[in-house]
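Hello,

Here is the structure you asked to take over.

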Amino acid sequence: MARVVVVGGGFGGLASAVRLAKLGHDVTLVEQAATLGGALSFETGDGFAWDAGPSWTLLPAVIRDLFRKSGRPVERELELVPLEVVREHRFEDETSVRVPGGSRAAQIAAFDELDPGLGQHWVDHVASFSDDWEVLRRGYLEHPWDPDSVPKDLAARLDSREVLHKRLRRTFKDERLRLVAGHPFVAEGHDLRNVPAWLGVTAYLEQRFGAWTVPGGMATLGATLAERLVTRKVSVLTSTHATDLVVREGRVAAVTTTAGELDADIVVCAVDPRRLPQLAVHVQRTMPAIPPVVSHLGLEGELPDLPHELVLHGDPMLVVRTGGLAPEGCQAWTLHGRGRLAEDMLRALARHGIDVRQNVVARVDRSPRDLVERWGGSPMGVLWQGRATVRRRLGPTTPITGVYAAGAHATPGAGLPFVGLSAALVAQAVGPA
Ligand SMILES: Cc1cc2nc3c(=O)[nH]c(=O)nc-3n(C[C@H](O)[C@H](O)[C@H](O)COP(=O)(O)OP(=O)(O)OC[C@H]3O[C@@H](n4cnc5c(N)ncnc54)[C@H](O)[C@@H]3O)c2cc1C
């Protein structure tokens with residue numbers, strides 16, 4: 001049985017800890033905050049509760065697999081429900097499309113409503129990623145990968161110079177389809193000119209497997225995993241900051257923390273590796289992707305009927321998420337803003353015909369800097385800076401023997417499904433006790 005220290009109690013750290021404990025290891029999880037969950041937690045105020053970060057996920061199989069491989073199946077502990085509409089996009093020309101998840105036919109119908117013929121264009125684009133998905137799944141997402149020995153078909157994708165911006169310009173004449181296809185990356189703070197084209201595979205995942213949420217807030221997933229730490233007898237040190245690794249003869253020996261030194265045979269870094277100087281030297285050529293400006297709103301009175309997520313294109317680009325918990329007769333919304341935010345986000349929202357300024361009874365604002373400081377790094381993970389970025393991240397292994405990397409800053413990247421897969425890769429690489 002190895003002594004494992006997991007650094008970071010966000011989704012990546014929680015998922016790694018419960019998997020490794022189930023594999024028979026003696027696991028201690030170190031979290032700098034007083035509570036667990038990282039971005040996968042609630043923000044609360046005045047009787048309202050909002051998802052601080054994620055409010056839906058792709059690839060629900062990743063969560064199902066996590067629950068099955070760490071104890072009880074997810075159905076016994078958590079309700080995962082598909083979103084009929086993944087998100088609505090409203091464009092500057094005042095047209096809009098509600099993108100359904102999990103159905104090719106429904107997507108054809110939705111895009112045809114935007115303009116006849118666009119449905120086929122859209123699903124052809126999505127279908128062009130089906131081979132990419134199989135290759136990525138086999139070689140990169142589901143088995144620990146060795147960046148120095150990558151199968152040919154995977155290398156052809158990962159090393160391709162083609163960027164998403166160029167692919168979308170070539171594929172779509174209609175700018176609105178480009179906006180829809182590029183949105184997931186713009187929302188995560190990336191420039192499409194630096195995002196590899198193969199990442200467009202997320203549109204395939206949306207269509208094939210849908211987008212899913214947890215009624216009562218996605219953060220319930222974080223709380224449920226925190227409970228599972230107890231069942232799996234993981235020792236949890238909250239309010240404890242990991243400051244570095246102790247490395248002896250090229251192998252990890254301990255983690256230094258504000259509560260003293262913790263001996264370790266294995267360490268899982270589930271935070272931005274820049275936080276641990278011994279690892280920071282290995283990721284000098286990466287930069288974090290920055291979260292959006294966030295405003296959580298408690299609203300009362302007459303409100304427009306919006307889907308789970310609404311994207312208002314333009315500059316600034318606004319995203320409205322409506323799934324928060326609110327007292328009777330009220331609603332809890334979250335606004336994300338990116339771009340030219342020269343005025344209050346509610347005023348910018350009013351310019352789109354959604355004027356809720358008189359309805360606000362509670363409000364919590366978070367700047368990107370607040371969020372990064374609070375979570376000791378960006379939950380958006382590593383900024384795409386072209387094809388090289390995929391090899392500049394750590395994970396599942398690292399150059400230090402005994403040290404593994406999970407979470408948004410590790411392979412295979414940010415977003416709940418990929419963070420969940422990163423923990424599965426670490427568990428595979430470490431193996432049973
Ligand atoms: C506003 C926003 C909206 C999002 N929406 C979605 C969405 O809808 N769907 C989706 O799939 N993804 C979404 N994401 C991304 C998703 O939240 C992240 O990919 C995921 O939660 C990252 O998990 P993590 O464990 O890697 O990092 P984090 O959640 O950042 O957790 C890191 C944890 O480590 C702790 N920590 C940091 N440094 C140290 C240290 N030195 N010692 C001890 N502890 C430390 C932090 O306190 C934190 O708890 C969103 C992110 C944001 C910010």
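**Around the ligand**

Helix α15 gives the largest share of the shell around the ligand, namely three residues. Keep in mind throughout that this is a predicted model.

The ligand has 32 residues around it, and those that come nearest are E31, A39, W56, A408 and L416. By class, the shell holds 17 nonpolar, 13 polar and two charged residues.

One belongs to A39 and is 2.8 Å from an oxygen atom of the ligand. Another, in G415, is 2.9 Å from a ligand oxygen. For S55, the distance from a polar backbone atom to an oxygen of the ligand is 3.1 Å. On its own the ligand has 1000 Å² of accessible area, and the protein covers 96% of this. Two elements give two or more residues to the shell: α1, residues 11-22, and α15, residues 416-430.

**Where α1 meets α2**

Besides giving residues to the ligand shell, α1 packs against helix α2, which spans residues 60-70. The angle between α1 and α2 is about 35°, and their axes are 8 Å apart. The crossing of the two helices is left-handed.

Which residues in α1 and α2 meet? From α1 they are F11, A15, V18, R19 and K22, and from α2 they are D65, L66, K69 and S70. Sorted by class, this contact has four nonpolar residues, one polar residue and four charged residues.

Regards

Note on methods: Residues are numbered from 1 along each chain as its sequence is written. This is a predicted model: local features need pLDDT of at least 70, side-chain atom pairs count only at pLDDT 80 or more; totals for chains, interfaces and linings use all residues. Side-chain values use heavy atoms; hydrogens and water are left out. A residue is near a molecule or strand if one of its heavy atoms lies within 4 Å of it. A polar contact is a pair of N or O atoms within 3.5 Å; within protein, one must be able to donate a hydrogen and the other to accept it, and residues adjacent in sequence count only if both atoms are side-chain atoms. Accessible areas come from the Shrake-Rupley method with a 1.4 Å probe; for residues, only the protein chains shown count as cover. Helices (H or I, at least four residues) and strands (E, at least two) are DSSP runs, numbered from the N terminus. Ala, Val, Leu, Ile, Met, Phe, Trp, Tyr, Cys and Pro count as nonpolar, Asp, Glu, Lys and Arg as charged, and the others, Gly among them, as polar. Axes are lines fitted to C-alpha atoms, for helices over the stretch in contact, and angles run from 0 to 180 degrees between N-to-C directions. A crossing is left-handed if the near helix is turned anticlockwise from the far one by less than a right angle, and right-handed if clockwise. Contact means heavy atoms within 4.5 Å.
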